[in-house]
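This report goes through one structure, from its overall make-up to the packing of its parts. The sequence and the structure come first.

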Amino acid sequence: MFGAVEKDDIQLLNEIKNGSEDALNELIKRYKSNVEIIALKYIDSPLEKDDLVQEGMIGLLAAINSYSPDKGAKFKTYASVCINNSVQTALKKFSRLKAIPQENIVTLEEEELDSSFAISAEDEYLAKESVSTLTDILYEGLSKFENEVLRLHIVGCSYGEIAEKLEKNPKAIDNAIQRIRKKLNGVTF
């Protein structure tokens with residue numbers, strides 16, 4: 001019975017890739033409780049429950065957009081990791097924001113929104129394609145270790161923190177980041 005659920009997820013993901021909003025809504029509905037369960041793990045954090053759930057939903061959408069069944073993970077597992085990472089990233093950003101002096105923060109009410117910065121549907125599509133291309137390049141062009149180093153570096157971990165989490169020395173992390181930079185320098189869209 002569990003295999004049928006997984007097949008249904010894959011079918012929904014394929015329909016989403018073909019533009020089905022109904023399939024997207026169904027998959028979001030199916031995983032909303034997972035998002036809430038993961039968000040509740042962080043209920044004692046400085047963010048409110050609704051904010052945690054919203055960040056988790058962003059992670060779920062990222063999982064839906066970037067999931068590839070040929071990478072070996074089940075969608076449910078992949079989605080859980082993306083949801084958790086999204087919530088943790090939001091918490092890290094929030095803790096960094098606390099260090100910013102309040103007079104340097106501009107609220108949306110104070111800022112005039114300029115319509116010239118609105119993104120067109122075409123630009124949005126091209127941006128998604130670029131992200132998709134970059135994701136493919138990262139998975140194919142970088143080793144598993146380099147991908148893990150890059151992921152931790154992107155979320156703001158220092159070389160020392162990355163080394164500690166991956167149980168490597170900081171020099172190995174520095175070498176990996178240098179290799180990643182070289183590989184990414186040749187990337188064009």
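## Overall make-up

Along the sequence of this predicted model, the protein follows the pattern α-α-α-α-α-α-α-α. Its secondary structure amounts to eight helices and zero strands.

The protein has 189 residues, of which 28% count as buried. Among the contacts with a separation of 6 or more, 56% are between residues 24 or more positions apart.

## Confidence

The average pLDDT of the protein is 78, and 72% of the residues score at least 70. Helix H2 (residues 21-40) has the highest confidence, at a mean of 90, while helix H5 (residues 121-141) has the lowest, at 68.

Over residues 108-116, pLDDT stays under 50. For this stretch the model has three contacts beyond four places in sequence. Where pLDDT is low, the predicted coordinates should not be read in detail.

## Helix H1 and Ile10

Ile10 is a residue of helix H1 (residues 2-17).

Leaving aside neighbours within four places in sequence, Ile10 is in contact with Tyr67 and Pro69. Phe75 is 65 residues from Ile10 in sequence, but the C-alpha atoms of the two are 7.7 Å apart in space.

## Helices H2 and H3

The axis of H2 comes within 9 Å of the axis of helix H3 (residues 49-66), and the two cross at roughly 135°. H2 and H3 are therefore oblique to each other. The crossing in which H2 passes H3 is right-handed.

On the H2 side, the contact is made by Leu24, Leu27, Ile28, Tyr31, Lys32, Val35, Glu36, Ala39 and Leu40. H3 contributes Lys49, Leu52, Val53, Gly56, Met57, Leu60, Leu61 and Ile64. By class, this contact of H2 with H3 has 13 nonpolar, one polar and three charged residues. An α-helix has 3.6 residues a turn, so residues three or four places apart point the same way.

## Helices H6 and H7

How do helix H6 (residues 144-154) and helix H7 (residues 159-166) cross? Their axes come within 10 Å and cross at roughly 135°, which makes H6 oblique to H7. H6 passes H7 in a right-handed crossing. Phe145, Glu148, Val149, Leu152 and His153 of H6 make the contact with Tyr159, Ile162, Lys165 and Leu166 of H7. The contact of H6 with H7 has six nonpolar, one polar and two charged residues by class.

Within H6, the residues Glu146, Asn147, Val149, Leu150 and Leu152 are buried. Just after H6, Gly156 has a positive phi of about 100°.

## Helices H7 and H8

H7 also has a contact with helix H8 (residues 170-185): the two axes come within 8 Å and cross at roughly 110°. That angle makes H7 roughly perpendicular to H8. From H7, Tyr159, Ile162, Ala163 and Leu166 take part, and from H8, Pro170, Ile173, Asp174, Ile177, Gln178 and Arg181. Divided by class, the residues of this contact of H7 with H8 are seven nonpolar, one polar and two charged.

Notes: Residues numbered from 1 in each chain as written. Predicted model: local features only at pLDDT ≥ 70, side-chain atom pairs only at ≥ 80, totals over all residues. Heavy atoms only, no water. pLDDT = per-residue confidence, 0-100. Helix = DSSP H or I, 4+ residues; strand = E, 2+ residues; numbered from the N terminus. Contact = heavy atoms within 4.5 Å. Axes fitted to C-alpha atoms, helices over the stretch in contact; angles between N-to-C directions. Parallel < 35°, antiparallel > 145°, perpendicular 65-115°, else oblique. Left-handed = near helix turned anticlockwise from the far one by under 90°. Nonpolar A, V, L, I, M, F, W, Y, C, P; charged D, E, K, R; others polar. Buried < 20%, exposed > 50% of the residue type's maximum accessible area, 1.4 Å probe, protein only.
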